[in-house]
Amino acid sequence: MQLVILSGMSGAGKTQALKKFEDTGYFCVDNLPSEMCRGLVDLLSRAVPPVEKAAVGIDSRETLLRLNPNKALKEMEEAGIDYRIVFLDCRDEVLERRYNETRRRHPLSEDVRTGIKMERERLASLKDRASVIIDTTNLKPLELGEILERELGLSGPNFHLNIMSFGYKRGVPFEADMVFDMRFSPNPFYDKELRYLCGRDEPVRNYVMADEAVTGLMDTIENTLDTLIPRFIEQDKRRLVVAFGCTGGRHRSVCAAEELNRRMKDRYFTNLTHRDLDTEGSDIKQRTGERS
């Protein structure tokens, strides 16, 4: 198993770095006491399937527990556990400024400057043992991610495009990044032969897609995503939620979501969700008193 021990100065970007590891498939645990590292490795090796990559955050607060990380590291070496230490550093005056800007308390002292000095002393041995030391003084979050990719060979996951349908009568999904309203198109609900079907069924699909405005919109969305997704990836955004809504969330929105998934699934990892399809189907039967 690949184990990365992430440490460094508070305020130097450990939280951001740990998110990067998580985004690239690592099992991540923050603020783990060093003496628990070996137990974590044993636990993850027994998982089904076994966890192959893990990153743990260790910082100066464990000295408050009177723990000795060097002792824990030696025990892991004796047990044949392979690990790498990544240490994030930053100039004192920049750390102090970051704390003052966020108005957060330093974990080791009420006085930020004193806390930084104490932390340097307590983390000195971990820094000496680090295989990768990164100075984040002048780095932006994206640049830190790029350095981690380069230094540790991290490779980000492929872009995930989540496509969903919903009904406006039950609210717009709060997780949606882009929302397209399909209520401009004729509603299959008013055709009794289509009412009890859904956007997955061919007759409904043919009905909805016969509208040139719908096919034109789908072409525009496809082209827009092809333009934007590479830019999102450049900004380290790996997930986008595109939602289609209609009145109930069973006919037009489902058809549009299915169509976009068909167009995009060979280029990206796609996940297709129809939030209100079944609920609206039951609701239609109750309202009309009819059966399909």
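Here is a walk through strands, cores and charged pairs.

Before you click, remember that this is a predicted model: local features need pLDDT of at least 70, side-chain atom pairs count only at pLDDT 80 or more, and totals for chains, interfaces and linings use all residues. Residues are numbered from 1 along each chain as its sequence is written, and side-chain values use heavy atoms, with hydrogens and water left out.

**Stop one: strand S3**

Select residues 53-57, which make up strand S3. Strands (E, at least two residues) and helices (H or I, at least four) are DSSP runs, numbered from the N terminus. Of the 5 residues here, 4 are buried, so S3 is largely enclosed by the rest of the structure. Buried means under 20% relative accessible area, exposed means over 50%, and partly exposed is in between (1.4 Å probe, protein chains only).

Look for leucine 6, whose bridge partner in S3 is glycine 57. Strand S2 (residues 27-29) also runs parallel to S3, with 3 bridges, and there phenylalanine 27 has alanine 54 as its partner. Trace the chain from S2 through helix H2 (residues 37-45) to S3: this β-α-β crossover is right-handed, meaning that with the strands pointing away from the viewer, the path from the first strand over the helix to the second runs clockwise.

**Stop two: the core around isoleucine 5**

Which residues have the most contacts inside the largest nonpolar core? Pick Leu3, Ile5, Val86 and Leu148; the core itself has 44 residues. A nonpolar core is a set of buried Ala, Val, Leu, Ile, Met, Phe, Trp, Tyr and Cys residues joined through side-chain atoms within 4.5 Å. Strand S4 (residues 83-89) supplies the largest share, 5 residues.

Zoom in on isoleucine 5. Beyond its neighbours within four places in sequence, isoleucine 5 is in contact (heavy atoms within 4.5 Å) with residues including Val56, Ile58, Leu73 and Met76. A second, separate core has 25 residues, among them Phe180, Leu225, Ile229 and Phe244.

**Stop three: the four-strand sheet**

Next, display the open sheet of 4 strands, ordered S7-S8-S6-S9 with parallel pairing. Its edges are S7 (178-181) and S9 (269-274), each pairing on one side only. Between strand S6 (residues 160-167) and S9 there are 6 bridges, and serine 165 stands opposite histidine 274 in S9.

**Stop four: charged pairs**

The structure holds 27 salt bridges, each a side-chain nitrogen of Lys or Arg within 4 Å of a carboxyl oxygen of Asp or Glu. Select aspartate 92 and arginine 120, where the closest N and O atoms are 2.7 Å apart. This pair links distant parts of the chain, helix H4 (residues 92-102) and helix H5 (residues 112-129), 28 residues apart. Aspartate 92 is partly exposed at 36% relative accessible area, and arginine 120 is partly exposed at 27%.

Jump to helix H8 (residues 212-234), where arginine 231 and glutamate 234 are 3 residues apart, about one helical turn. Their side chains meet in a salt bridge at 3.5 Å, N to O, and both residues are exposed.

Finish in helix H10 (residues 277-288) with arginine 287 and aspartate 283, 4 residues apart. The closest N and O atoms of their salt bridge are 2.7 Å apart.

Key: Two strands pair if DSSP finds at least two bridges between them.
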